[in-house]
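Here is a short walk through one structure.

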Amino acid sequence: MAFDFDSLDHAAYMREALQEAELAMRSGERPIGAVIVHKGKIVGRGRAEHEGRHNRLAHAELNALLATATNLYDFPHDNGVIYTTLEPCEMCLGAIVMSDVVNHVVFALADRYINPMPMFDIPHVRRHIHNYVGGVLEKESMALWQQCRPDELTLILNRNGS
């Protein structure tokens with residue numbers, strides 16, 4: 001059966017990512033969560049764990065990729081999708097591209113502070129990311145940020161990074 005990105009229940013999978021974000025928030029982390037879906041099943045989960053791991057690289061997307069990589073290493077990944085509650089930063093987008101675990105990115109809240117869109121000027125990135133969709137359950141993600149880090153939410157929403 002052919003992969004149909006548009007037929008996926010993006011809101012349902014984003015709710016799973018939002019659950020990861022809530023767990024991160026309860027642990028004192030930024031409310032960022034991610035899940036990876038392959039063949040209609042969640043095969044990896046991650047959440048922000050910077051403080052808990054004392055590691056600035058412990059981003060939700062990287063944690064989800066690491067949880068998934070060994071399971072999907074030997075399979076084609078054209079139908080793998082990562083759902084994340086905040087648009088991936090440059091590091092996470094680069095890891096998504098280089099991992100070959102997923103080729104589709106769905107996020108809730110666009111990050112205007114980091115603004116990773118210039119990475120799509122790189123042909124290698126455009127070849128690997130087939131769909132890049134934002135705004136899925138955006139208000140729910142914003143609500144988590146508003147609860148615990150409203151000042152950071154203001155940066156995410158209003159400033160172009162440089």
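Why is strand β4 (residues 104-109) largely enclosed by the rest of the structure? Six of its six residues are buried, so the rest of the structure largely encloses β4. Buried means under 20% relative accessible area, exposed over 50%, and partly exposed in between (1.4 Å probe, protein chains only). Strands (E, at least two residues) and helices (H or I, at least four) are DSSP runs, numbered from the N terminus.

This is a predicted model: local features need pLDDT of at least 70, side-chain atom pairs count only at pLDDT 80 or more, and totals for chains, interfaces and linings use all residues. Residues are numbered from 1 along each chain as its sequence is written, and side-chain values use heavy atoms, leaving out hydrogens and water.

Start with strand β3 (residues 80-86). It runs parallel to β4, joined by five bridges. Two strands pair if DSSP finds at least two bridges between them. T84 has F107 in β4 as its bridge partner. From β3 the chain passes through helix α4 (residues 90-99) to β4, in a right-handed β-α-β crossover. Right-handed means that, with the strands pointing away from the viewer, the path from the first strand over the helix to the second runs clockwise.

Now move to strand β5 (residues 131-133). Three bridges tie it to β4, again in parallel. V106 stands opposite V133 of β5. With helix α5 (residues 123-128), β4 and β5 form a right-handed β-α-β unit.

Last, the cysteines. The whole structure holds zero disulfides, a disulfide being a pair of cysteine sulfur atoms within 2.5 Å. C89 is in none; its nearest cysteine sulfur, that of C92, is 3.8 Å away. C89 is buried, at 15% relative accessible area.
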